[in-house]
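Subject: Structure handover

Hello,

Here is the structure we talked about. My notes follow below it.

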Amino acid sequence: MRKLLVLSSFALMASSFCLLRAQEASETRSVWDGVYTEEQAKRGEEVYRKECAACHGDMLTGGESAPPLTGGAFQANWNGLTLGDLFDRIRKTMPLSKPGRLTRQQDAEVLAFMLSINKFPAGKTELYRQSEMLKEIRFETKKPAKN
Amino acid sequence: MLPKVRKTALQWVCLIVMCSLIPAIASAQYHAKDTEWPSYAADTAGTRYRPLDQINASNFNDLEIAWRIKTDNFGDRPEYKLEGTPLMVNGVLYATAGSRRALIALDPETGELLWIHGEHEGKRGGAAPRQLSGRGLAYWSDGRDERIFYVTPGFRLICLDAKTGQRVPSFGEDGIVDLKLNDDQTISAWNNGEWVPDLETGEIGIQSAPVVAKDTVIVGAAFREGMTPRSMRNNKGYVRGFDVRTGKRLWIFHTIPKKGEFGYDTWLNNSAEFTGNTGVWTQISVDEQLGLAYLPVESPTSDFYGGHRPGNNLFGETLVCVDLKTGERKWHFQLVHHPLWDMDISSGPILADITVDGKAVKAVAQPSKQGFLYVFDRLTGKPIWPMPEKAVEVGNVPGEWYSPTQPMPSKPPAYSRNGVSIDDLIDFTPALREQAKAIASKYHLGPVFTPPTVSKLEGPLGTLTMGTASGGTNWPGGSYDPETHIAYLYACNSCIEPIGLVPAPKDVSDMNYVAGVAGREVQIMRGPGENAGADSPKPPKKRAASQYVRLDVDGLPLVKPPYGTITAINLDKGEIVWQIAHGETPDVVRNSDLLKGMNIPRTGQETYNVGTLVTKTLVIAGEAQVTTTADHPRGAMLRAYDKATGKEVGAVYMPAPQSGSPMTYMIHGKQYIVVATSGGPSSGEYIAYTLPSAGE
């Protein structure tokens, strides 16, 4: 009987946890929810031009030595991950000549610019500057269907 | 004053475990040479072929990971562009790895790290035009000594004892030959408007593997991207041969002839004196028996504008055959006269003993960005099949010099697209075709060798090209089966390159024209890791994001599939045997709402980073793009095809795309396939696959 009680408790805890996770999932945002502002993307374009375009190209289409930051292959790379993952990749490895040289604000601006070029909608609040917070924003290539 | 290399740099150099190394014991049916992979492309003939067949069509899907090694810690930062092909010889696997371009030795059965060597090069390494782990290394042995050769990002040839990972003191200066010296030129850089000697930041380097043949190690040269050079003047990419024992320079080949040398007169207005680049940045092939080396030479300065270098510009974009011992030119064939398309010969020549019209011919087959496979008698340089000079369009860029003709191989037929016409545009639906036509109407279109245009706001913005900078076959090169005389070539069939020229602002470049788009600020293009601090571009002018012209149609590729192909070409006949789309249909196409309900056959993938491996029965190549499908989570597949038919016979999941060419070997009766993976969120990792042991 005691065994049964323990098992039931575990089952209850597990189902509560799953429910909580499900709620969290539905409450997290994606790149389709207007997670940056147009102004931020404009500032990001200036940073991009100065710091990134030399390798990734004026049109973000990549070069002989650097991958594109727009288009199907780029989006497939990040689909299902979070903006925190993409932000960390930029922050830890870019610009290649001196990773981490840009501030968090500049990195977030560049990321906002990349989102705008990839046709994700702008919104009213600026993109976060902390990867922990950006990890709450999902990178989803396909626009979710409205309920 | 030369920068000093730390003598025992990165000497967390281990070595320790070497005494336990066990020589490779091949299973009875294989020759020892068939079980090893002793050179970058398996051999110096550039075949990427091993006649192993333990892994075959019946069991490819059973492959599992034997070992894997991340390269994150082989440098001060992770690398996301791991392009290396390891070697496996005498029971040890060697590879270049990580942002340090460290040299690592591994147990080929377990992946255990045996030793590591790296060089800290300071500013010289940081300023190098071609950084990161590079594509590989070379191995040499006289049966007693075993040596490893590789070139650092800062352009030093390093000779290591293969058993210990320590530099060989008797080679060069303490195991190093400084490649920026003894080069028949003074390596220089721009400093405050002056072209001055500078061994630290002077632009020259290389990312490909040196090649060792007999007792000579050959090294070429590479530069930064050549679309928007700061100057028409640059260092030159000569090729040199060195003695494997002493490091003594044995010979040099001037890829831009010096005054009095053959070909100097193909550079009018003294342009040979100041024009640079024209290196050999890809793999060199060697016929050890004939004692001949084959040098695939790249473009001169600059990629898309040649107005400062009138003339045909030998040996730019030329296949040159030289004597292995002396570097003396035996023959040459210029694939592209007066290069204007960045068609630099981008992959290793394939040496093939074929039979043409009943006669045995020692041939060399040169894959290319422009989708032609140029096939020559490798003793004489004579084309196997006619390669007539044909008239091509002459452009009207002010100051440009045009070759009125270019050589066009009559056989084999082009194996990938090398021009753009309306018929090439996306045609899944009439509406998509119309949208694509609207985009293409802003550009000049035409067949192979359609020249660049000056970019104009009112149009054309440039020439829309395929088979140029990133088209066809690029650095990974092809494969060749010496038994069946069939070559296997991956090609990008959709790598579109808009080539527009704009007047170069005087504060950016002394060129008349550089690559660019009308109405936009000129942007200097850089290679990976190039020191961005020294000459940062001027502050940008503001402009709206809407001014970006996207070369896609609602996210779909502008051109129709197949986006990437593998082609089998019979070199006895000069005919295509089969051609397939390589790679899963990209997510953006497979999931497109615009294409819902349509049955679209596998499209292949656009990339220029895929190399192939040929075994006894299979052609093996991974995907270079990530997809997420019902069959697998986000990742890429390593695919195997029946080499006789091109039919897919198996596929195994990789967590990240292939970014270097696969290689194979057999040790203690087990065959392994190793592939470099990286890209996007995935840092570099070598992954070794093998079959489960019996009973598993």
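Is B:Gly611 buried or exposed? B:Gly611 is buried, because 32 other C-beta atoms lie within 10 Å (buried: 20 or more other C-beta atoms within 10 Å of a residue's own; exposed: 12 or fewer; partly exposed: in between; C-beta atoms are placed from the backbone).

Some conventions before the rest. This is a predicted model, in which local features need pLDDT of at least 70 and side-chain atom pairs count only at pLDDT 80 or more, while totals for chains, interfaces and linings use all residues. Residues are numbered from 1 along each chain as its sequence is written, and chains are lettered from A and ligands numbered from 1 in the order in which they are written.

B:Gly611 sits in the loop between α5 (587-590) and β35 (613-614) of chain B (helices are DSSP runs of H or I with at least four residues, strands runs of E with at least two, numbered from the N terminus). Apart from neighbours within four places in sequence, its contacts are B:Arg48, B:Pro476, B:Gly477, B:Tyr490, B:Ala621 and B:Ser661 (contact: C-beta atoms, placed from the backbone, within 7 Å). From B:Gly611 to B:Gly622 there are 11 residues in sequence and 8.0 Å in space, C-alpha to C-alpha.

Helix α4 of chain B (residues 430-440) has B:Leu432, B:Ala436 and B:Ala440 buried. These cover an arc of only 75° around the axis, which puts them on the same side of α4(B) (the arc is that of the directions from the helix axis to the C-beta atoms). Exposed residues B:Pro430, B:Ala431, B:Glu434 and B:Ala438 are on the face turned away from the buried side of α4(B). The cover over the buried residues includes β26 (463-466), β31 (552-553) and β32 (556-557) of chain B.

Chain B also has an open sheet of 4 strands, in the order β2-β3-β4-β5, with antiparallel pairing (strands pair if DSSP finds at least two bridges between them). β2 (87-89) and β5 (113-117) of chain B are at the edges with a single partner strand each, so one side of each has no neighbour in the sheet. β2(B) and β3(B) (residues 92-97) pair over 3 bridges, and B:Val89 has B:Val92 as its bridge partner in β3(B).

In chain A, residues of helix α5 (residues 83-93) meet residues of α6(A): A:Leu83, A:Leu86, A:Phe87, A:Ile90 and A:Arg91 on the α5(A) side, and A:Asp107, A:Val110 and A:Leu111 on the α6(A) side.

Regards

Notes. Two residues are in contact if their C-beta atoms, placed from the backbone, lie within 7 Å. Axes are lines fitted to C-alpha atoms, for helices over the stretch in contact, and angles run from 0 to 180 degrees between N-to-C directions.
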